[in-house]
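The sequence and the structure are shown first.

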Amino acid sequence: SPSDPDLVERARAAKAKLGDKVFVLGHHYQRDEVIQFADVTGDSFKLARDAAARPEAEYIVFCGVHFMAESADILTSDDQKVVLPDLAAGCSMADMATAEQVAECWDVLTEAGVAEQVVPVSYMNSSADIKAFTGRHGGTICTSSNARRALEWAFEQGEKVLFLPDQHLGRNTAVRDMGMSLEDCVLYNPHKPNGGLTAEQLRDAKMILWRGHCSVHGRFSLESVEDVRARIPGVNVLVHPECRHEVVAAADHVGSTEYIIKALEAAPAGSKWAIGTELNLVRRLANRFAPEGKEIVFLDKTVCFCSTMNRIDLPHLVWTLESLAEGKLVNRIEVDEETEAYAKLALERMLALP
Ligand code: 13P
Ligand code: SF4
């Protein structure tokens, strides 16, 4: 949707008034009307790294979802305030692993006699509580751009990995990138007693995958890959690793949002691409690269936006910036001290990965 010129002007004026006091971060899945005001854009790894890039900024306005804002709070100094323009911008995947469920899972692993061999690896897309659990048990955080390195590191520390909450990123990385077999992976279902697994299954497994998924990427199917290949001869299929295993296995290239952008920047004129990730990003890339003669289509006509990413819209951004410009702190995201200390351990292990 075209941005309302009045709101664009108000956002510009409020941001100018705030000057160096505000630093706006924007995830690649944000709407065009919002991303135009970001000082930095990126995938979740880049944004975690860049959050601390402006220590002089009093406010960090995070245009993304809740877990990203929490991570930014953890990684920045205590006097910097992280603000999420709409508090309802959560992530359905992150919500699939609660602190209680994960504590219970650890009890199940202990009971089965395997906990000592297990290193937790948690996807960035998780609450600060889950990150703290990970740090407390010697594990690391990963994103879609460093999951392989995180798993390699984890298997140097222990024999098994508990990967949470995205089963697909865990499975895809283990099988596609690291040569494990599907049989090396078991699925822990937090809604079943003992995760639906026997002690023997837990003892035999290398990867214990949490039964979580992304509702947006989970909708791409093998059929969508086959259809697009039939429709567009010579098309390159490029998907995000949050897609299901059979989709990733049928694709030509797999990578994070930042990887997707770089791949399209490097693509030759005349090449054709079908992209399996969130629609705001795919549409922006299709428009950006059309003049260079690169044809970019969305992998599946029925899959749409990430509804929570989309909650951050121009009216929310204007309200946030104008409030801050008037000295009114709104929608602060603040992780409590103890959670922060352990979560930071896990995040710093990720930032230190080779
Ligand atoms: P990346 O930006 O790390 O690829 O992650 C995608 C995502 O789903 C963020 O919520
Ligand atoms: Fe969460 Fe999926 Fe949306 Fe990313 S795209 S924020 S994983 S629901």
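**Domains, sheets and ligand shells**

Q: Into which domains is the protein chain divided?
A: The structure is a predicted model. Its protein chain is divided into domain 1 (5–89 + 309–334), domain 2 (94–213) and domain 3 (217–298).

Q: How many residues of domain 2 are in contact with domain 3?
A: On the side of domain 2, 13 residues make contact, and they meet 12 residues of domain 3. Helix H8 (residues 167–177) gives the most to this side of domain 2, with seven residues. By class, the side of domain 2 that touches domain 3 has three nonpolar, seven polar and three charged residues. The centres of domain 2 and domain 3, taken over C-alpha atoms, are separated by 28 Å.

Q: Over how many bridges do E10 and E11 pair, and over how many do E12 and E13?
A: Strand E10 (residues 236–239) pairs with E11 over two bridges, in the parallel sense. Leu238 has His253 in E11 as its bridge partner. Strand E12 (residues 272–276) and E13 are joined over four bridges, also in the parallel sense. Here Ile275 has Phe298 in E13 as its bridge partner.

Q: Through which helix does the chain cross from E12 to E13?
A: The chain passes through helix H13 (residues 279–289), and this β-α-β crossover is right-handed. Within H13, the residues Asn280, Leu281, Val282 and Leu285 are buried. The buried residues of H13 pack against helix H12 (257–266), E12 and E13.

Q: How does one read the two faces of a strand, and which residues form the covered face of E13?
A: In a regular strand the side chains alternate between the two faces of the sheet. In E13, Ile296 and Phe298 form the covered face, whereas Glu295 and Val297 form the uncovered one.

Q: Is strand E1 mostly covered or uncovered?
A: Strand E1 (residues 22–27) is mostly covered, with six of its six residues buried. Val22, Val24 and Gly26 point one way from E1, while Phe23, Leu25 and His27 point the other way, and all are buried.

Q: With which strands does E1 pair?
A: One partner is strand E3 (residues 59–63), which pairs with E1 in the parallel sense over five bridges. Another is strand E2 (residues 40–42), with parallel pairing over three bridges. Gly26 takes part in both pairings: its bridge partner in E3 is Cys63, and its bridge partner in E2 is Thr41.

Q: Which residues of helix H6 are buried, and what covers them?
A: Helix H6 (residues 128–136) is mostly covered, with eight of its nine residues buried. They are Ala128, Asp129, Ile130, Lys131, Ala132, Phe133, Thr134 and Gly135. The elements that cover them include helix H4 (66–75), helix H5 (99–111), strand E5 (118–123), strand E6 (140–142), strand E7 (160–164) and helix H15 (337–351). H6 is followed by Gly138, which has a positive phi near 75°.

Q: Why does Leu18 count as partly exposed?
A: A residue is buried if 20 or more other C-beta atoms lie within 10 Å of its own, exposed if 12 or fewer do, and partly exposed in between. Leu18 has 19 C-beta neighbours inside 10 Å, and therefore counts as partly exposed. Leu18 lies in helix H1 (residues 5–18). Not counting residues up to four places away in sequence, Leu18 touches Leu321, Leu324 and Ala325.

Q: Which residues surround the ligands?
A: Ligand 1 is surrounded by 14 residues, and the closest are Asp43, Ser44, Ser144, Ser256 and Thr257. By class, the shell around ligand 1 has three nonpolar, nine polar and two charged residues. The residues surrounding ligand 2 include Val65, Cys91, Asn125, Cys214, Glu278 and Cys306. The shell around ligand 2 divides into seven nonpolar, four polar and one charged.

Key
Residues numbered from 1 in each chain as written. Chains lettered and ligands numbered in written order. Predicted model: local features only at pLDDT ≥ 70, side-chain atom pairs only at ≥ 80, totals over all residues. Near = placed C-beta within 6 Å. Nonpolar A, V, L, I, M, F, W, Y, C, P; charged D, E, K, R; others polar. Pairing = 2+ DSSP bridges. Domains from an automatic or database assignment. Contact = placed C-beta atoms within 7 Å. Right-handed = clockwise from strand over helix to strand, strands pointing away.
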